[in-house]
Amino acid sequence: MKKIVLQLKNFIADDFEWTSYLWTLVFVASAIAINYSINFERNILIHHPYKSVVILRFFAYYSVAWFAVAIPKLIIKKQTKLLSSPEFWAKILLFLALISFTSGFRFNAQWFSFINDPLTRTYVVKLTTQIKCLLVYTLPLIVMCKIFDRQQQGIYGVNRNFGNGKTYLKMLLIVAPLIILASFTPDFISAYPRYRAWQFESLAVMSSYLSTAIFEMLYVMDFAMTEWMFRGALVIGMVAIMGKEAILPMVSVYVFLHFGKPLAETISAFFGGYILGVLAYTTRHIWGGVILHSGIALIMEFMGLFQFYVMGMHR
């Protein structure tokens, strides 16, 4: 734990300067305020008769989030020459396109219209939603890494360096009580669990226990893929070009990704994204984020189920 704290302290001491940090805070806070006042993500962004247009909207949306922080940061650090680098544009545009595609993708519900049973169809759609990041991210990230970053160990933080695994588990134990307390709030109860097992108890193809286990396994994998993209591609992948300047833009996009979720979760994404970004930068692997992010997700799922089956909430 002391080593991680020291890594964070040293990074902040080296990177912090008021202008870019204050601008990032003001920009992200303003975006949060606007989104939660008009529910922009749910009421405006995803509403369009053509689903392909929604993907383009997400690309513009995440591009604003990234460039609104990255450009001022590069100007302040006098690194604007990076903007003339083909590698810079190839990487960031691909990474943002992949995130936008998975966020805006809404076609899988149509693919399974041949399944007659509505409950089974809904379940299959939920499962495919959890694996779309795996299907979309894997090949492009491997190819991009082989083209631009062959010298890196592994593929954007996916490597054999598992250092500090026990420390991350200790950090998970520290935040667990906070999640448990938050699980009693109305916002949490309305949002979790993501898999409401009680709605699938009459599923014909498998038992409720098995359907829950399969969903939660894929749900955790989806969080691992999120870490691969945000702390792997957007930090470790962009660090090769931008250095530590890659972290704050990643945090901004990560916050935008959480719009539509409970406000407290979105705010915590700012701080959590920053900490995980720094750890990925200093360790050059994503496993700490995978452990923490997946662990937190499972605790939230468990507490959501607890609130329903034990406390009688959601009824």
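Arginine 231 and glutamate 227 are both located in helix α10, four residues apart, which is about one turn of the helix. In this predicted model, their side chains meet in a salt bridge with an N to O distance of 2.6 Å. Arginine 231 has a relative accessibility of 1% and therefore counts as buried. Glutamate 227, at 0% relative accessibility, counts as buried as well.

## Packing of helix α10 against helix α7

Helix α10 spans residues 208-242 and packs on helix α7, residues 118-148. The angle between the two is about 30°, and their axes lie 9 Å apart. Because angles under 35 degrees count as roughly parallel, α7 is classed as roughly parallel to α10. The crossing of α7 past α10 is left-handed.

On the α7 side, the contact is made by Tyr123, Lys126, Leu127, Gln130, Ile131, Cys133, Leu134, Tyr137, Thr138, Leu141 and Ile142. These residues meet a set in α10 that includes Leu210, Ile214, Phe215, Leu218, Met221, Asp222, Met225, Trp228 and Ala233. By class, the residues of this contact divide into 18 nonpolar, three polar and two charged.

## Packing of helices α2 and α4

Helix α2 (residues 18-38) and helix α4 (residues 51-76) have axes that come within 9 Å and cross at roughly 165°. Since angles over 145 degrees count as roughly antiparallel, α2 and α4 are assigned to that category. In this pair, α2 passes α4 in a right-handed crossing.

The residues of α2 in this contact are Thr19, Ser20, Tyr21, Trp23, Thr24 and Phe27. They meet Val64, Ala65, Ala68, Val69, Pro72, Lys73 and Ile76 of α4. The contact of α2 with α4 comprises nine nonpolar, three polar and one charged residues.

## Other salt bridges

The structure holds eight salt bridges. One of them pairs aspartate 14 with lysine 244, with the closest N and O atoms 3.7 Å apart. This pair links distant parts of the chain: aspartate 14 belongs to helix α1 (residues 2-15), whereas lysine 244 is in the loop between α10 and α11 (247-257), 230 residues apart. Aspartate 14 is exposed, with a relative accessible area of 52%, while lysine 244 counts as buried at 17% relative accessibility.

A further salt bridge joins glutamate 265 and lysine 261, the closest N and O atoms being 3.9 Å apart. Glutamate 265 counts as buried at 16% relative accessibility; lysine 261, at 23%, counts as partly exposed.

Alanine 246 lies in the loop between α10 and α11. Its relative accessibility is 0%, and alanine 246 therefore counts as buried. Leaving aside residues up to four places away in sequence, alanine 246 touches Leu234, Val235, Met238 and Val239.

From proline 193, alanine 246 is separated by 53 residues in sequence and by 33 Å in space, C-alpha to C-alpha.

Technical notes. Residues are numbered from 1 along each chain as its sequence is written. This is a predicted model: local features need pLDDT of at least 70, side-chain atom pairs count only at pLDDT 80 or more; totals for chains, interfaces and linings use all residues. Side-chain values use heavy atoms; hydrogens and water are left out. Axes are lines fitted to C-alpha atoms, for helices over the stretch in contact, and angles run from 0 to 180 degrees between N-to-C directions. Angles under 35 degrees count as roughly parallel, over 145 as roughly antiparallel, 65 to 115 as roughly perpendicular and the rest as oblique. A crossing is left-handed if the near helix is turned anticlockwise from the far one by less than a right angle, and right-handed if clockwise. Contact means heavy atoms within 4.5 Å. Ala, Val, Leu, Ile, Met, Phe, Trp, Tyr, Cys and Pro count as nonpolar, Asp, Glu, Lys and Arg as charged, and the others, Gly among them, as polar. A salt bridge is a side-chain nitrogen of Lys or Arg within 4 Å of a carboxyl oxygen of Asp or Glu. Buried means under 20% relative accessible area, exposed over 50%, partly exposed in between (1.4 Å probe, protein chains only).
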